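Visitor: I'm new here and would like to learn how to read aromatic contacts. Could you show me the structure and walk me through it?

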Amino acid sequence: MKSPRTSKIATLMVHSSPLDQAGTGDAGGMNVYVVETAKKMAQAGVAVDIFTRANKPNLPESIEIADGVNVKHLQAGPVEGFSKEELPSQLGALTSAFMNYQKQLPKDYYSLLHSHYWISGQLGWVVSEATGTPLIHTMHTTAKVKNLNLADGEKPEPQVRSIGEEQVVKAATGLIANTDAEAASLVSLYDACPDRVFVVAPGVDLQSFSPSDGKAAARERLNIAPDAILLTFVGRIQPHKGPDVLLRAAAEMVSHSPHLRAKLAVVIIGGASGYVNELEKLKSLAKFLQIEDVTHFVDPVSRQVLPDWYRATDLVCVPSYSESFGLVALEAQACGTPVVATAIGGLRTAVSDGISGSLVDGHDPKAWSAVISRLIAEPARRLLLSMGAIEHASHFGWEMTARKTLDVYDWALGVENKGKSYKIIKNQ
């Protein structure tokens, strides 16, 4: 039985809409995280309004995406052709739009604000100070960590972002990090108070992302040859995600083992993000490496179809330069597919090295080629990793993410109420 909703949360995610297709533009794992956690919190009795900037014309003010979860559109700046990098110029407009909306509501309508990504954190900071509503913030990624791990030729994150993040860390009642490593970076790089940083791991929909009826059936549905050697990358096409590393590794593989070419299929699922020509550059790289015959580019697919791609794949590759967590890795493992990922950031938590997949130090294509080739040559080893992947992913459900997030909310409300015991779900 559902609990009656006794609290409402205002979730701020202004730079990317929860309605957008993950894998394109600025929509990625964070979009999935926000929506799935909101759904589970609503099921527990806490209603969630997700505020985002209207990025298309004629959008309604409010759209219900699940029972107790509504997307609210704020009007600020042009609705189209406006990049994430330009959005800080619209913080005044976003703040005005939010405050005008809140004026129509009863006093203390929202128990708490939860902002995601630094731009939303800036909005949350101003609203929190103006209304006295506690602010919880989740960074997801930070400029300082990204700038320590840039891809070759990748443009560093601007100083305005680093400064903005420092301000949000100082202003927030509490911070949520995805992993212990991220929590440590918030303390060491941003001088966050350790007592105000909480670790809440993201989750996976273990009903949708599951082994289901297996690889053979998934391949039949997707029209993939039963004996294909399938390597898959899923995510936005941008240098920081490292899709070029997989292509270069594949080129190394067919160079050393020409017989692989007949069965090898490297699938890149995703759309360009922030880098207008990045997809075309990746296609040109495949041609330059002389592997365009084994490389396949697939547009981002729906959450309903994506599990079949994971199930059909022999190895999902996540060669990112930094990840606060790495939802793709977790989703793939939940479907029973081992993951090869960079040994960095949250991927060290998302992938259990040697148990559910393999972690690779750095981005040397030769190292990646060696790891992937070894796993391809050992189907028995892949089977063991597949079993380990399912078990590892089983510990990460969105219910747990939501429950731990609600615990942080209780703590924040206790802080604001001078340490008094407070339950956001009051009938618990």
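Visitor: Are Phe-325 and Phe-396 buried or exposed?

Guide: Buried means under 20% relative accessible area, exposed over 50%, partly exposed in between (1.4 Å probe, protein chains only). Here, both Phe-325 and Phe-396 are buried. One caution: this is a predicted model, where local features need pLDDT of at least 70, side-chain atom pairs count only at pLDDT 80 or more, and totals for chains, interfaces and linings use all residues. Residues are numbered from 1 along each chain as its sequence is written, and side-chain values use heavy atoms, leaving out hydrogens and water.

Visitor: How many aromatic pairs are there?

Guide: Rings of Phe, Tyr and Trp (its six-membered ring) pair if their centres lie within 6.5 Å; planes under 30 degrees apart are stacked, over 60 edge-to-face, and the rest tilted. That rule gives eight aromatic pairs. Take Phe-51 and Tyr-110: their planes sit at 80° with ring centres 5.9 Å apart, so this pair is edge-to-face.

Visitor: Why does Phe-51 count as buried?

Guide: Because its relative accessibility is 0%. Tyr-110 counts as buried too, at 4%.

Visitor: Where does Lys-144 lie?

Guide: A charge sits over a ring if NZ of Lys or CZ of Arg is within 6 Å of the ring centre and within 35 degrees of the ring normal. Lys-144 lies over the face of Tyr-190, 4.5 Å from the ring centre. Likewise, Lys-283 lies over the face of Phe-297, at 5.7 Å from the ring centre.
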